[in-house]
Amino acid sequence: MISLMWFTVALLNLGYGEAKGTGFVCGIVGLLTVICGLIDGVKGDVLGAGLLFAHGLLYICIAYALLYGLENLKSIGNVSLTVAFISTIYSFINFSSGDIYMGLVTGGYAVLTYMVWLNFYGKLSNRVVACSLIVWIPIGLWIPAFLLGLGKALPF
């Protein structure tokens, strides 16, 4: 589900697509991510819920920026920086508990959200962020989702 947003945002950053359609996708994905976080929290996975909530709220903020045509994206960049800090903590927790693969995945999320922060502050190009998103879609989203969905163990 999240890959729908990442891919459309990546294409928008490469000059394909338009802001409002992409913003709508971001909003739906953000809302569903927050709902999944709520479900995880109710089921007792409070740690997983926190990561989903943080990213879902970032996606909703990005949706707002795209739908309403914000020109100064520094406030949304600040949200991304906060999510980057959170993802960095999750990466540390995963590595510390021996979950190398999820440590790498959440570390990747941290890197991406630091990149979004830099982009929204005008310090990193749209193209670099877009290419990073495209690379991380299979590594950080599809591979873990399909392996877990098929009942298989994650690598490492």
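Me: A pocket is an open set of grid points, and its lining residues have an atom within 4 Å of a point. In this predicted model, how many residues line the second largest pocket, and which lie nearest its centre?

Reply: By that criterion, 22 residues line the second largest pocket, and Val9, Asn13, Ile62, Val116 and Phe120 lie nearest its centre. The space in this pocket comes to about 360 Å³. Helices H1, H3, H5 and H6 each give at least two residues to its lining.

Me: What makes up the lining of the second largest pocket, by class of residue?

Reply: Its lining divides into 17 nonpolar and 5 polar residues, with no charged ones.

Me: How much space lies in the largest pocket, and which residues lie nearest its centre?

Reply: The largest pocket holds about 750 Å³ of space. Its lining has 26 residues, and those nearest the centre are Ile2, Leu52, Met102, Tyr109 and Leu141. Two or more lining residues come from each of helix H1 (2-13), helix H2 (19-42), helix H3 (46-68), helix H4 (74-96), helix H5 (100-120) and helix H6 (126-149). Helix H6 supplies the largest share, 7 residues. By class, the lining has 18 nonpolar, 7 polar and 1 charged residues.

Me: Why is Ser3 called buried?

Reply: The relative accessible area of Ser3 is 12%. Apart from neighbours within four places in sequence, Ser3 is in contact with Ile137, Leu141 and Trp142.

Me: How many disulfides does the model have?

Reply: The count comes to 0 disulfides. Cys36 is in no disulfide, as the nearest cysteine sulfur, that of Cys26, is 16 Å away.

Me: Why is Cys36 called partly exposed, and what is the relative accessible area of Cys61?

Reply: The term partly exposed covers values between the buried limit of 20% and the exposed limit of 50%. Cys36 has 31% relative accessibility, so it counts as partly exposed. The relative accessible area of Cys61 is 24%, and so Cys61 is partly exposed as well.

Definitions and conventions:
Residues are numbered from 1 along each chain as its sequence is written. This is a predicted model: local features need pLDDT of at least 70, side-chain atom pairs count only at pLDDT 80 or more; totals for chains, interfaces and linings use all residues. Side-chain values use heavy atoms; hydrogens and water are left out. On a 1 Å grid over the protein atoms alone, a cavity is a set of points where a 1.4 Å probe fits but cannot get out, and a pocket is an open set with protein on both sides within 12 Å along at least five of seven lines; lining residues have an atom within 4 Å of a point. Grid points are joined across faces, edges and corners, and a volume is the space filled by probe spheres set on the points. Helices (H or I, at least four residues) and strands (E, at least two) are DSSP runs, numbered from the N terminus. Ala, Val, Leu, Ile, Met, Phe, Trp, Tyr, Cys and Pro count as nonpolar, Asp, Glu, Lys and Arg as charged, and the others, Gly among them, as polar. Buried means under 20% relative accessible area, exposed over 50%, partly exposed in between (1.4 Å probe, protein chains only). Contact means heavy atoms within 4.5 Å. A disulfide is a pair of cysteine sulfur atoms within 2.5 Å.
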